[in-house]
Amino acid sequence: MAKAIKILLIEDDQNLADNIVGFLQDFADVTAVTDGLDGEFEAKESPFDLIICDLMLPGQSGLNIIKNVREAKVVTPVLILTAKASLDDKIEGFNVGADDYLTKPFHREELLVRVKALLRRTGVYSEDNTITVGELTINLENRGVQVHGQSVKLVGKEFDILTYLGQNKNIIVTRDQIFDRVWGVDSDTTINVVNIYLNNLRRKLEAVDQGGLIKTLRNIGFILEVPDDEAD
């Protein structure tokens with residue numbers, strides 16, 4: 001499976017974190033941090049599709065992390081994973097902005113089911129491992145792309161950019177967000193590389209769709225829009 005899904009795991013139990021990363025590694029790219037302050041920084045600065053967060057953490061509590069990222073307008077789904085099992089704890093978790101709550105100990109299979117359910121809600125994951133936007137189909141399994149039934153050959157980061165736009169269809173994505181997602185915040189490459197790959201991607205897509213699938217909002221970002229008939 002092409003691991004286009006990116007998950008942030010904030011868990012201070014190193015053994016448990018390692019086990020979760022190992023279990024999910026065939027499904028997603030998982031970044032694991034063990035400190036709450038580091039976790040909050042990653043959640044705010046890097047584009048993830050899902051955050052799995054413990055509540056009792058060194059540096060910063062999980063509740064404060066969720067509260068702070070929501071105040072920072074980060075809308076990434078959050079799954080709380082904790083030993084705190086009381087109703088009051090669960091209510092507090094949802095009140096600060098969590099999307100789901102799973103108590104320890106847990107079955108790995110249930111964790112995966114909940115992860116998939118949250119990702120389906122945001123359109124990042126589908127059971128057939130494809131993303132569809134109008135006449136555009138992106139196959140994450142074989143990294144294939146079709147427009148109006150015609151195959152479009154994309155290479156490397158061209159495919160990664162299109163996938164990221166497809167996972168965020170109808171949402172404006174900035175150049176910085178594309179760079180951080182595809183190249184990584186620690187990359188030595190300059191952000192101008194985004195323009196080069198976007199131009200190549202557009203040229204290939206427009207060869208089979210003259211209307212242009214990727215729209216540019218000047219000085220704002222880019223968007224892969226859902227056609228009106230599909231949005232209904």
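## About the model

The model is predicted, so local features are described only where pLDDT is at least 70 and side-chain atom pairs count only at pLDDT 80 or more, while totals for chains, interfaces and linings use all residues. Residues are numbered from 1 along each chain as its sequence is written, and side-chain values use heavy atoms, with hydrogens and water left out.

## The parallel sheet

Helices and strands here are DSSP runs numbered from the N terminus, a helix being H or I over at least four residues and a strand being E over at least two. Two strands are said to pair if DSSP finds at least two bridges between them. In general, the strands of a sheet pair through backbone hydrogen bonds, either parallel or antiparallel.

Five strands form an open sheet with parallel pairing, in the order β2-β1-β3-β4-β5. At its edges stand β2 (29–33) and β5 (100–103), each of which pairs on one side only, and from one strand to the next the twist averages 20°. Within this sheet, β3 (residues 50–53) and β4 (residues 78–82) pair in the parallel sense over three bridges, with C53 standing opposite I80 in β4.

Angles are taken between N-to-C directions and run from 0 to 180 degrees, and axes are lines fitted to C-alpha atoms, for helices over the stretch in contact; contact itself means heavy atoms within 4.5 Å. Helix α2 (residues 36–45) lies across β1 (6–10), β2 and β3, and runs at about 160° to β1. Helix α5 (residues 108–121) packs on the sheet as well, touching β1, β3, β4 and β5, and its direction makes about 175° with that of β5.

In helix α3 (residues 62–71), the residues that are buried (under 20% relative accessible area, where over 50% is exposed and in between is partly exposed, with a 1.4 Å probe and protein chains only) are G62, L63, I65, I66, N68 and V69. These buried residues pack against β1, α2, β3, β4 and α4 (87–96), and α3 is followed by K73, whose phi is positive, near 70°.

## A loop residue, D12

D12 is found in the loop between β1 and α1 (14–24), and it counts as partly exposed because its relative accessibility is 34%. Leaving aside neighbours within four places in sequence, D12 is in contact with T34, D54, M56, L57 and P58. The C-alpha atoms of D12 and C53 are separated by 9.7 Å, although these residues are 41 residues apart along the chain.

An open sheet of four strands has antiparallel pairing and the order β6-β7-β8-β9, and its edge strands, β6 (130–133) and β9 (150–151), each pair on one side only. Strands β7 (residues 136–139) and β8 (residues 144–147) pair in the antiparallel sense over four bridges, and L136 stands opposite V147 in β8.

Helix α6 (residues 156–167) lies across β6, β7 and β8 and runs at about 115° to β7. Nine of the twelve residues of α6 are buried, and the helix is thus mostly covered; among the buried residues are F159, I161, L162 and Y164.

## Helices α7 and α8

The axes of helix α7 (residues 175–182) and helix α8 (residues 193–206) come within 10 Å and cross at roughly 90°, which means that α7 is roughly perpendicular to α8 (65 to 115 degrees, with angles under 35 roughly parallel, over 145 roughly antiparallel and the rest oblique). The contact is made by R175, I178 and F179 of α7 together with V193, V194, N195 and L198 of α8.
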